[in-house]
Amino acid sequence: MATDTTNGDSGTPHDDVSATEGQDPSPSPPEPPGDDNQDGTTAAGQVTGDGGQDDGSAGSSVVRSSMVMAVGTLFSRITGFGRTVVLAAALGTQLLGDAYNTALTIPFIIEQLFLGGLMASVIVPFLVKRRKRDEDGGRATENRLFTAIVLALLVLTTVAILSAELLIRLYSGNFTPAQFDVSVALARFLFAQIFFLGMSGFLSAMLHTRNRFGAPVWAPVLNNLVIMAVGGTFLAVAGPGTTPEEISDAQIALLGIGTASGFAVQALILFLALSAAGFRWRPRLDLRGSGLGEALRTAGWMFVYIISLQIALLITANLANRAGVAAAEGDGVGAGITAYNYAHMLFQLPYAIIAVSIITVLLPQMSDRAADHRWDEVRADFSRGLRMSSVVLVPAGLAMAVFAVHICVLVFARGSTSVADAQNIGYVLVAFALGLVPFSVFQLMLRVFYAMSDTRTPAFLGMLMLGVHAVLGTTAYLLLDPRYVVVGVAAGYMASFLVGLLVGGEVLRRRLGGLDGRRITGTLLRLHVASAPAVAAGLGIAWWLESQFGLTVVTTLGAPVLGCVLGAGLFLLSARLLRIEELGVLYDLARTRLRR
């Protein structure tokens, strides 16, 4: 099942958008309300006026922090996207690419399962509370927890490396013998990332409790640059089209050590930033009586939710890898976990840029109103957030679906990735894009449950969605041509969010006495009607260019550019005629921001 993000570009393992810019398609649990955030930070980690500063200094601090995070996020997105393009060119999307991506994904699963999922729900609020309440400002607690996490991660990493063959077998489906051996060899290097991922997440959390936001969003940029250099070097040394049978031990070491070193650099930068913030590690093992055990016991339902997500990813990886081998050997195209991951990375971009921003602003507000049982205001917040984000997400999702193949050919068709391979990524992206709105609305709905201090309902929803995803994904594997299995798996994944949204929405409607359903439905219907002329124009432009020039750069670049320019104008005109009031609100908000 897929991810959503609170720190979308931090590169930490609890990111909603993949922690590695598309390498990890598994979702992370949304951040529950931080009831213990008493140090003047919001759930988004930004300073408020209650943290001991006057309103003027607090406001300027928010602006500075937001600017640092915004610029860092932009560079992280750009370099993360560049890294994906370089890796696609170097490794392709067939057998070698799937071997690498399978070995790369497992460390994120393990870290998320044992630590990352607890970061937002338990560890961050616990640290904030102890820093606020302890006489020493929480230094002893931080040293205890730091020591415990270092030791736990070392043990976990060692066990994973020793179990590399078993873990690859668990996720690889029916890899070819050479592909399996390469994936295991890569895993023995890449599983070292478990330690660095865990430390990156914890170090980022400690920095956030100190109101230091720059390093957590900038450190992943260095990680991305390192891995881009590794991918470029591999392509120069091995050449395009390298297969698992052809890759040498030295080239495997280059990929494995190089990738792991990128995450090591990320963790090192975060540690240096924390040291600059005044932290000095003094190893302590006396966790008894620290209160952490009690805090961990409150995360039981969150852990159930995390388990359901990781089981869903296990199913996805096996189905995609089995289909990938069959497609590579039969049709000579990449249609496995790599195609799925790369499409998922592109799909997450509009959600991360648009929906996460709105969710981050609304969560503290909804939490405050839910604490006072002001359910009508919670309902209004949910409705407003859904409608405002949908104004952009509806046309963005449809545009992405129309131009998915063109975008993917333009971006990925080079080096070891053929045009046919890139087209397959595009087909998967179509399935993802059509589910963008249900996916985003579900993430917003989860925040309402967490604002109500309810982690049990999301856990049950996660299990329900796991069942839907498993049934539809398996059906796709059994019925579809191997080349299109990952498309079916992606469609099943999106359908699971629609089911979760419908069931969860009914639960929420009963609790809140309604969800402003008539207004929400009316807005969504008008937005889709307003998008229809733009979709028709985009399809027409794409058809004409492709008939004249084929899938050349004239089409793959021209169709999205011309289609989006013309489509945006048609959408705005149609929205005005249909009197979609939310568009006017967003326009006024943007104009106000620009004037500041």
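1. Val-150 is buried, with a relative accessible area of 11%; buried means under 20% relative accessible area, exposed over 50%, and partly exposed in between, with a 1.4 Å probe and protein chains only. This valine belongs to helix 3 (residues 139–162). Helices (H or I, at least four residues) and strands (E, at least two) are DSSP runs, numbered from the N terminus. Leaving aside neighbours within four places in sequence, Val-150 is in contact with Phe-195, Met-199 and Trp-281, where contact means heavy atoms within 4.5 Å. Val-150 and Phe-195 are 45 residues apart in sequence, and their C-alpha atoms are 7.8 Å apart in space.

2. The model is predicted: local features need pLDDT of at least 70, side-chain atom pairs count only at pLDDT 80 or more, and totals for chains, interfaces and linings use all residues. Residues are numbered from 1 along each chain as its sequence is written, and side-chain values use heavy atoms, with hydrogens and water left out.

3. For the chain as a whole, the secondary structure comes to 19 helices and zero strands. Of the 596 residues in the chain, 58% are buried. Among contacts between residues at least 6 apart in sequence, 82% join residues at least 24 apart.

4. The largest nonpolar core has 117 residues. Such a core is a set of buried Ala, Val, Leu, Ile, Met, Phe, Trp, Tyr and Cys residues joined through side-chain atoms within 4.5 Å. Tyr-100, Phe-191, Phe-382, Phe-412 and Phe-432 have the most contacts inside this core. Its largest share, 14 residues, comes from helix 12 (residues 375–412). A second, separate core has 21 residues, including Ile-123, Ile-149, Leu-153 and Phe-279.

5. Which residues does Tyr-100 touch, not counting residues up to four places away in sequence? They are Leu-87, Leu-91, Leu-186, Leu-190, Ile-227, Leu-255 and Thr-259.

6. The structure holds 18 aromatic pairs. Rings of Phe, Tyr and Trp (its six-membered ring) pair if their centres lie within 6.5 Å; planes under 30 degrees apart count as stacked, over 60 as edge-to-face and the rest as tilted. The rings of Phe-108 and Phe-263 have centres 5.8 Å apart and planes at 70°, so this pair is edge-to-face. Phe-108 lies in helix 2 (residues 95–133) and Phe-263 in helix 8 (residues 249–276), so the pair ties together parts that are 155 residues apart in sequence. Both Phe-108 and Phe-263 are buried.

7. Phe-195 and Phe-196 also form an edge-to-face pair, at 5.6 Å centre to centre and 80° between the planes. Phe-196 counts as partly exposed, at 23% relative accessibility. Elsewhere, Tyr-340, Phe-347, Phe-432, Phe-439, Phe-442, Tyr-493 and Phe-497 form one aromatic cluster.

8. Helix 12 and helix 18 (residues 553–577) pack at an angle of about 165°, with their axes 8 Å apart. Axes are lines fitted to C-alpha atoms, for helices over the stretch in contact, and angles run from 0 to 180 degrees between N-to-C directions. The angle makes helix 12 roughly antiparallel to helix 18; angles under 35 degrees count as roughly parallel, over 145 as roughly antiparallel, 65 to 115 as roughly perpendicular and the rest as oblique. Residues that meet here include Phe-403 in helix 12 and Phe-571 in helix 18.

9. Helix 17 (residues 517–549) and helix 18 pack at about 155°, with their axes 8 Å apart. These two helices are therefore roughly antiparallel to each other.
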